[in-house]
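Take a look at the structure below. This report walks through its pocket, its surface, its backbone and its charged pairs.

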Amino acid sequence: QVLSGCAIIVRGQPRGGPPPERQINLSNIRAGNLARRAAAGQPDAKDTPDEPWGFPAREFLRKKLIGKEVCFTVDGENIAESLVAEGLASRREGIRANNPEQSRLAELEEQAKSAKKGMWSEGTGSHTIRDLKYTIENPRHFVDSMHQKPVNAIIEHVRDGSVVRALLLPDYYLVTVMLSGIKCPTFKREADAPEVPEPFAAEAKFFTESRLLQRDVQIVLESCHNQNILGTILHPATCASSPSPQNGNITELLLKEGFARCVDWSIAVYTHGADKLRAAERFAKERKLRIWRDYVAPTANLDQKDKQFVAKVMQVLNADAIVVKLNSGDHKTIHLSSIRPPRLEGDSTQDKNRKLRPLYDIPYMFEAREFLRKKLIGKKVNVTVDYIRPASSATETVPAFSERTCATVSIGGINIAEALVSKGLATVIRYRQDDDQRSSHYDELLAAEARAIKNGKGLHSKKEVPIHRVADISGDTQKAKQFLPFLQRAGRSEAVVEYVFSGSRLKLFMPKETCLITFLLAGIECPRGARNLPGLVQEGEPFSEEATHFTKELVLQREVEVEVESMDKAGNFIGWLHIEGLNLSVALVEHALSKVHFTAERSPYYKALLAAEEAAKQKKEKVWSHYEETPVEEVVPVLEEKERTANYKPVFVTEITDDLHFYVQDVETG
């Protein structure tokens with residue numbers, strides 16, 4: 001560092017840490033003093049301006065010496081003689097020329113006077129006195145006026161690795177600049193206590209000092225924070241190992257060397273791209289450099305095949321999680337990293353007597369779920385696991401959570417979480433600075449949220465919150481009866497399968513009618529699933545789980561068409577369900593997961609059902625695995641031989657048809 005035209009700071013080569021400093025004053029000469037700011041604690045003190053020719057003398061020395069190795073001479077040049085020869089310094093008063101060095105200085109001073117150089121030129125030298133500006137009235141306006149163009153500057157002081165004091169040229173603004181997007185370890189200052197450096201604070205400061213202090217640099221002023229300016233410093237770095245200058249970006253260098261970490265609050269203003277900073281930080285983390293010496297990656301315990309994989313989306317859970325089917329056939333729940341779905345804020349106006357239905361009652365939850373459902377269901381997606389959130393136990397305010405796999409999910413190059421946030425259908429979670437469990441695309445999520453807030457999208461909109469009045473008429477016999485003729489007349493109606501109870505029992509959302517109904521597949525007899533009855537668990541019939549799984553894979557959360565034919569006494573609608581031209585009843589029979597029910601005889605799909613059943617019987621799989629084809633003639637005598645025995649059961653007659661059939665329900669089993 002050059003303190004003035006006649007004083008410099010030198011330090012040796014670093015060995016195991018920052019080397020000690022030593023001040024050197026040039027003998028026998030005096031240069032003008034530089035401006036000093038008044039001490040903050042002394043109200044009567046005033047700022048001291050530059051002495052004439054003081055700053056040019058300092059600049060002469062700075063350009064000659066900074067970053068050079070010196071033996072108190074540079075390339076054989078005596079610096080004191082050079083200053084006197086240029087008229088930038090004078091001999092000290094009262095010193096006689098009684099040795100060769102002093103005689104030489106006197107001779108050079110006379111030559112400078114004759115040539116009217118520097119301080120010996122005509123005039124007072126007032127043009128060499130800087131008009132230093134220590135404060136900026138409106139820093140935000142000042143930064144904006146620069147339009148993010150590089151500004152020439154000299155770094156006058158390094159407070160720590162990522163905060164410097166810079167002299168902006170040519171207008172001599174002295175400003176504090178914080179490097180955008182990063183933070184180095186600092187020196188903790190407490191009243192009446194010595195300065196305590198955080199680990200690697202001194203090393204980070206030396207790293208920045210050795211490259212920037214009193215160097216000519218360019219600064220891109222990017223934003224403003226509490227009167228401090230955020231910026232990026234571009235410098236001609238001279239490495240200790242390589243004396244040849246090379247352009248450098250100190251922000252990225254500090255990260256790459258493990259001297260700094262990224263900070264979320266300012267990374268968005270970094271003009272060279274936040275991804276470069278994250279990549280530099282990742283480089284240091286992977287090599288466990290300096291501040292990352294104890295770093296353990298969030299997914300360190302996962303195999304590569306578990307970190308990144310392609311999977312098929314089977315279900316969307318509310319607005320921040322999906323169920324995917326892996327290549328192994330297993331299903332896995334994936335939560336979208338670093339985003340929070342819509343939620344009820346404050347005291348809800350929800351009717352206390354009515355159960356909360358999150359999908360319809362939480363503002364924008366339905367829109368978020370629909371966005372994901374339409375984009376993802378049945379599609380293959382790329383999953384990159386970012387972190388595993390361990391299970392947590394319940395507290396008074398927070399429910400218990402099981403272990404969560406949090407990942408970035410993309411389809412066709414689009415990050416789904418980012419798309420969701422940009423539409424204002426989810427918000428970004430804020431983390432502690434040392435919390436590394438976050439999305440690998442966290443900066444893009446923050447940028448997407450900023451856009452959504454600026455454009456007033458979704459959750460950030462000032463408009464009225466959309467309300468979804470969805471009537472649930474499943475199990476409501478009275479409402480179902482009123483609704484039945486309407487659905488029968490409608491023919492094929494559009495629906496979304498919200499839930500699959502079993503292979504042939506589904507819950508449907510009817511978008512046009514904005515209601516939820518329970519729907520039973522007509523024309524088939526599907527294995528009954530396990531049921532929890534009061535006091536006992538009724539086991540499911542064979543292949544009931546396979547039938548449920550088949551129906552889920554085919555129709556869950558898909559858009560389907562339904563034809564309603566009738567309803568049962570419990571208010572459940574009975575009919576046919578079609579998905580992309582496929583009749584689900586026929587598909588279940590075809591895959592030997594259901595048998596044809598005699599009620600199908602009257603339907604237009606009876607032939608298709610019989611043909612599918614016949615084909616399934618021949619394969620002797622699943623429900624037909626024990627099927628034996630019995631000749632018709634042998635059946636007759638067996639029936640005649642058996643004596644008819646009466647086995648009466650109490651039943652409830654539910655329907656009598658025109659052709660003298662009647663339907664009954666077993667009273668004991670329901």
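How many nonpolar, polar and charged residues are in the lining of the largest pocket? The lining has 19 nonpolar, 15 polar and 13 charged residues. Keep in mind that this is a predicted model.

Rolling a probe the size of a water molecule over the atoms shows where empty space is left. The largest pocket holds about 2000 Å³ of space. Its lining counts 47 residues, and the closest to the centre are Leu520, Ile524, Arg528, Asp568 and His597. Several strands supply at least two lining residues each, among them E25 (492-502), E27 (515-521) and E31 (559-567). Strand E36 gives the largest share of the lining, with 5 residues.

**A nonpolar patch**

Val664 sits in strand E36. Its relative accessible area is 40%, so Val664 counts as partly exposed.

**Backbone features**

Most residues other than glycine have a negative phi, and most peptide bonds are trans. Some spots in this chain depart from that pattern. Leu169 and Pro170 are joined by a cis peptide bond, with omega at about 5°. Pro170 is in the loop between strand E7 (163-168) and strand E8 (173-179).

Lys116 has a positive phi, near 55°. This residue, Lys116, is in the loop between helix H3 (100-114) and helix H4 (139-145). Ser338 also has a positive phi, near 65°. Its place is the loop between strand E18 (331-336) and strand E19 (339-340). Which of them is buried, and which is partly exposed? Ser338 is buried, because its relative accessible area is 1%. Lys116 is partly exposed, at 46%.

Now consider Ile429, in the loop between strand E23 (427-428) and helix H13 (442-454). Ile429 is 90 residues from Ile339 in sequence, but their C-alpha atoms are 5.4 Å apart in space. Why does Ile429 count as buried? Its relative accessibility is 14%, and buried means under 20%.

**Charged pairs**

Side chains of opposite charge can pair when their charged atoms come close. The model has 32 salt bridges. The table shows three of them.

| Pair | N to O distance |
|---|---|
| Asp131 and Lys133 | 3.7 Å |
| Glu257 and Arg290 | 3.2 Å |
| Arg451 and Glu418 | 4.0 Å |

Asp131 is exposed, with a relative accessible area of 52%.

Glu257 and Arg290 form a salt bridge with N and O 3.2 Å apart. This pair links distant parts of the chain, 33 residues apart. Glu257 is in the loop between helix H6 (250-256) and strand E15 (261-262). Arg290 is in the loop between helix H8 (274-287) and helix H9 (304-307). Glu257 is partly exposed, at 29%. Arg290 is partly exposed too, at 31%.

Arg451 and Glu418 meet in a salt bridge at 4.0 Å. This pair also links distant parts, with Arg451 in helix H13 and Glu418 in helix H12. Arg451 is partly exposed, at 40%. Glu418 is partly exposed as well, at 24%. Finally, salt bridges with shared partners join Asp264, Arg278, Glu281, Lys285, Arg438 and Asp443 into one network.

How values were computed: Residues are numbered from 1 along each chain as its sequence is written. This is a predicted model: local features need pLDDT of at least 70, side-chain atom pairs count only at pLDDT 80 or more; totals for chains, interfaces and linings use all residues. Side-chain values use heavy atoms; hydrogens and water are left out. On a 1 Å grid over the protein atoms alone, a cavity is a set of points where a 1.4 Å probe fits but cannot get out, and a pocket is an open set with protein on both sides within 12 Å along at least five of seven lines; lining residues have an atom within 4 Å of a point. Grid points are joined across faces, edges and corners, and a volume is the space filled by probe spheres set on the points. Helices (H or I, at least four residues) and strands (E, at least two) are DSSP runs, numbered from the N terminus. Ala, Val, Leu, Ile, Met, Phe, Trp, Tyr, Cys and Pro count as nonpolar, Asp, Glu, Lys and Arg as charged, and the others, Gly among them, as polar. Buried means under 20% relative accessible area, exposed over 50%, partly exposed in between (1.4 Å probe, protein chains only). A salt bridge is a side-chain nitrogen of Lys or Arg within 4 Å of a carboxyl oxygen of Asp or Glu.
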